[in-house]
Amino acid sequence: MTREEALAAITKALTETVGSVDGDVTEDTDLVADGMLDSLDSMTFLFELENGLGTKLEAIDETYEDFRVGALVDIVVQATG
Amino acid sequence: MLATIQILVLVTLTASLVYWLLPAGWVEGRRAVLLVTSGLLIYVWSPETLLIAVLTALLAWLLYALTRRHPRIGWLPWLIVLPLVVNAIVPLGELIPLPVGSPRSPLLTNLATLGLSFYTFKLYMSIKQGLKLGSLPFREVLTTTLFYPAFPMGPIDASQTFDHAALSRDPDVRRWVMGVGRIGIGVVKVFVLGAWVKGTLSVELFGVPMERVYAEGWDTPLHALAFAFVSFLYLYVNFSGFTDIAIGSGWMFNLDLTENFRFPLIAHSIQNFWQRWHLSLSRFITAYMFKPMLRRTGRTSLSLVVTFTLIGLWHEVSVGYLLWGLGHGSALALTTWYRGLGRARLPLPGPIRTVGGIVVTITFVSVLSTIANQPSNRDLARYLASFLGVQL
């Protein structure tokens, strides 16, 4: 998966979680710090992301806290080859 | 009670000074100061409490070792809740053999499991983080279990808060002074503000102090609602005050305990409430209960309701706390579901929406909290009936 495709998958999972997204999601966005997700949403978001990708993201365990989109794109690209 | 706090403050001042007299390189000496002080204080409070806490810490360490050996058995760390489950059936204090003829105070039996709910979750977190890091020394497990300022009611921190790096920090006078100040804030909350809410305010509103309101009952729905606000305010002042004392004590040893409250009385939604109330529990719930359950069931609403119901029963196995868990879980599920629909918010000006949100949220959580904390099922029935204007 390319970085653009990974970003699209992240945006889709975000929309599935919170309904609608205000503003653009870029690799510089921090989903939690920028107020798009709260702690509960963040877990639902990760679930939606794994669901959408059809694979479990091994780099993300229950204590995962880095919600910078750039970091998430890295993880998705690595997991999907 | 105030005398107890004075003793605790004095002990903390002395222990922290002894702690800082030891060189940073002598970490285990510093740990010994924390363990001996905590162990002695808990022993004086109730020897059974100390015994149960040490045995539970040992169980946690054994579960960690077992899970490392058998990593495929993912549920093994959850066996740490066994003492809690057993205690819900038979109070653990009653299972401890005393010499023949020893008097057994019912109060002592209750105290025997003081803090058990909190250190159970601390220990679960410690096991999980230990597995992640590949190391969990028993001395760290014991320190997180016994550290006396956080022993009775948290915050919920893993044993890594007391690891080698944390205990080898240099003395920090500024933090030590801030710790003393934070303890002062906690003492004022608990003994001045809390006493005012429980006494003066309650007498002003209900004619009797708060604890007697349960016996007197509630005449009207408004009366019951007003009582919910007052008792929730008391809970917040008391709980956050004790948390201030715990965090301030931690600072005196240059240790970082998790902040537990962020102005929960201005929460504008139920989701926002859980980002402000009992944060260490909220983090535990999200990471270790909600997320694994969501992965298993694939259903957000179901996972929320089940998770919060279990958390309700973790507080206490009672009808009140069952309703508390179902209430919080259902409200979170409902708001999450509604937000997921992507519908527009209510067409109201922002400030009105925010104030309205605060009123609805605080009313909801206050009533649920008051339901949960009713002393008996009969009191609970009377309280619920009073909302319908019925006197039982």
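Analyst: Contact means that heavy atoms lie within 4.5 Å of each other. Helices (H or I, at least four residues) and strands (E, at least two) are DSSP runs, numbered from the N terminus. The model is a predicted one, in which local features need pLDDT of at least 70 and side-chain atom pairs count only at pLDDT 80 or more, while totals for chains, interfaces and linings use all residues. Residues are numbered from 1 along each chain as its sequence is written, chains are lettered from A and ligands numbered from 1 in the order in which they are written, and side-chain values use heavy atoms, with hydrogens and water left out.

A residue is called buried under 20% relative accessible area, exposed over 50% and partly exposed in between, using a 1.4 Å probe and protein chains only. The buried residues are Glu140(B), Val141(B), Leu142(B), Thr143(B), Thr144(B), Thr145(B) and Leu146(B). They pack against four helices of chain B, namely α2 (27-45), α3 (47-69), α7 and α9.

Two of these neighbours, α7(B) and α9(B), lead on to the domains of the chain. Domain bounds come from an automatic or database domain assignment; here chain B is divided into domain 1 (25-168) and domain 2 (176-386). The C-alpha centres of the two domains of chain B are 26 Å apart. Their contact draws on 24 residues of domain 1 and 23 residues of domain 2.

The extent of such a contact is given as buried area, the accessible area (1.4 Å probe) that two parts lose on being put together, summed over both. Domains 1 and 2 of chain B bury about 1900 Å² between them, and 77% of this is on carbon and sulfur atoms. On the domain 1 side, Phe121(B), Met153(B) and Pro155(B) lose the most area to domain 2, together 28% of what that side buries.

A salt bridge is a side-chain nitrogen of Lys or Arg within 4 Å of a carboxyl oxygen of Asp or Glu. A polar contact is a pair of N or O atoms within 3.5 Å; within protein, one must be able to donate a hydrogen and the other to accept it, and residues adjacent in sequence count only if both atoms are side-chain atoms. Between the two domains of chain B there are zero salt bridges and three residue pairs in polar contact, both residues being at pLDDT 80 or more. On the side of domain 1 that touches domain 2, α4 (82-89), α7 and α9 of chain B each supply at least two residues. The largest share of that side, seven residues, comes from α7(B).

The term denotes a set of buried Ala, Val, Leu, Ile, Met, Phe, Trp, Tyr and Cys residues joined through side-chain atoms within 4.5 Å. The largest such core has 62 residues, and Phe273(B), Trp274(B), Trp277(B), Leu281(B) and Ile311(B) have the most contacts inside it. Both domains of chain B give residues to this core, so it lies between them. Another core, of 24 residues, lies apart from it and includes Leu31(A), Leu37(A), Leu53(A) and Ile75(A).

Chains B and A bury about 1800 Å² between them, 56% of it on carbon and sulfur atoms. Of the area that chain B buries there, Lys291(B), Arg295(B) and Arg339(B) supply 33%, more than any other three residues. The contact involves 19 residues of chain B and 20 residues of chain A. Two residue pairs are in polar contact between the chains. There is one salt bridge between them, formed by the side chains of Arg295(B) and Glu50(A) at 2.4 Å, N to O.

From the chain A side, one example is Thr44(A), which lies in helix α2 (residues 39-53) of chain A. Its relative accessible area is 6%, so Thr44(A) is buried. Leaving aside neighbours within four places in sequence, Thr44(A) is in contact with Thr17(A), Phe290(B), Leu294(B) and Thr300(B).
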